[in-house]
Amino acid sequence: MGADPDTGGASGARRVSRVILLDPADRILLLHGHEPADPTVTWWFTPGGGLEGDENHEQAALRELAEETGVTDVRLGPVLWRRRCSFPFDGRHWDQDEWYYLARTTQTALALAALTELEVRSVDGLRWWTSAELSAAHETVYPDRLAELLQRLLDEGPPRTPIVLAPEIV
């Protein structure tokens, strides 16, 4: 099996940092994406992506957030959740070990700033969501149960240690 520059560890899973970005009103920022070959297959997801080079998870979270949203005025907090996910996308299979960081910002102006070629073909917007809007949504949102996880975070604060979410295998 060939080495992917974004993979690490014995499992070969792509190491990914994701960001649960909250604004002063406790709204969460999500990106809207779609399958490049079929734009009718859509979902919402948190900013983030694979570690590059010698980056650690925190550095990747901040870089990905800036590239995907234009948000650079951010306070990165603790890792909230970890999950393993596996899914088909853009003609290949992805296997990821994701770390979800809490972050806060007062910067609510957004821009799809420095997207990769794949992101240009698959990301078509950004939106701030209230917890109530997310709970009422009938659209696909990743990670699974994000509305419930967000409400728990807002009610109880960050967990003392990261919560391991159930794997999502598509």
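## Overview of the chain

Of the 170 residues in the protein chain, 44% are buried, where buried means under 20% relative accessible area, exposed means over 50% and partly exposed lies in between (1.4 Å probe, protein chains only). This is a predicted model, in which local features need pLDDT of at least 70, side-chain atom pairs count only at pLDDT 80 or more, and totals for chains, interfaces and linings use all residues. Residues are numbered from 1 along each chain as its sequence is written, and side-chain values use heavy atoms, with hydrogens and water left out.

The protein chain exposes about 8700 Å², and carbon and sulfur atoms supply 53% of this area. Accessible areas come from the Shrake-Rupley method with a 1.4 Å probe; for residues, only the protein chains shown count as cover.

## Fold and dimensions

The protein chain has four helices and ten strands. Helices (H or I, at least four residues) and strands (E, at least two) are DSSP runs, numbered from the N terminus. Along the sequence, their order is β-β-β-β-α-β-β-α-β-α-β-α-β-β. The radius of gyration of the protein chain is 15 Å, close to the 15 Å that the globule rule gives for 170 residues, so the chain is as compact as a globular protein of that length. This radius is taken over C-alpha atoms, and the globule rule is 2.2 Å times the number of residues to the power 0.38.

Taken along the principal axes, the box filled by the C-alpha atoms is roughly 45 × 35 × 30 Å. Among contacts between residues at least 6 apart in sequence, 69% join residues at least 24 apart; contact means heavy atoms within 4.5 Å.

## The largest pocket

The largest pocket has a volume of about 760 Å³. On a 1 Å grid over the protein atoms alone, a cavity is a set of points where a 1.4 Å probe fits but cannot get out, while a pocket is an open set with protein on both sides within 12 Å along at least five of seven lines; lining residues have an atom within 4 Å of a point. Grid points are joined across faces, edges and corners, and a volume is the space filled by probe spheres set on the points.

The lining of the largest pocket consists of 37 residues, and Arg18, Phe45, Phe87, Phe89 and Gln96 lie nearest the centre. Elements that give two or more residues to this lining include strand 1 (14-22), helix 1 (57-69) and strand 6 (92-105). Strand 5 gives the most, with six residues. By type, the lining has 14 nonpolar, twelve polar and eleven charged residues. Here Ala, Val, Leu, Ile, Met, Phe, Trp, Tyr, Cys and Pro count as nonpolar, Asp, Glu, Lys and Arg as charged, and the others, Gly among them, as polar.

## Backbone details in two loops

The loop between strand 8 (141-142) and helix 4 (146-156) contains proline 143. The peptide bond from tyrosine 142 to proline 143 is cis, with omega near 5°. Arginine 145 is found in the loop between strand 8 and helix 4 as well. Its phi is near 70°, a positive value in a residue other than glycine. Arginine 145 is partly exposed, at 39% relative accessibility.

Aspartate 26 lies in the loop between strand 1 and strand 2. Its phi is near 65°, again positive in a residue other than glycine. Aspartate 26 is partly exposed, with a relative accessible area of 27%.

## Leucine 154

Leucine 154 belongs to helix 4 and is partly exposed, with a relative accessible area of 28%. Leaving aside neighbours within four places in sequence, leucine 154 is in contact with Leu22, Asp26 and Ser131. The C-alpha atoms of leucine 154 and aspartate 144, ten residues apart along the chain, are separated by 17 Å.
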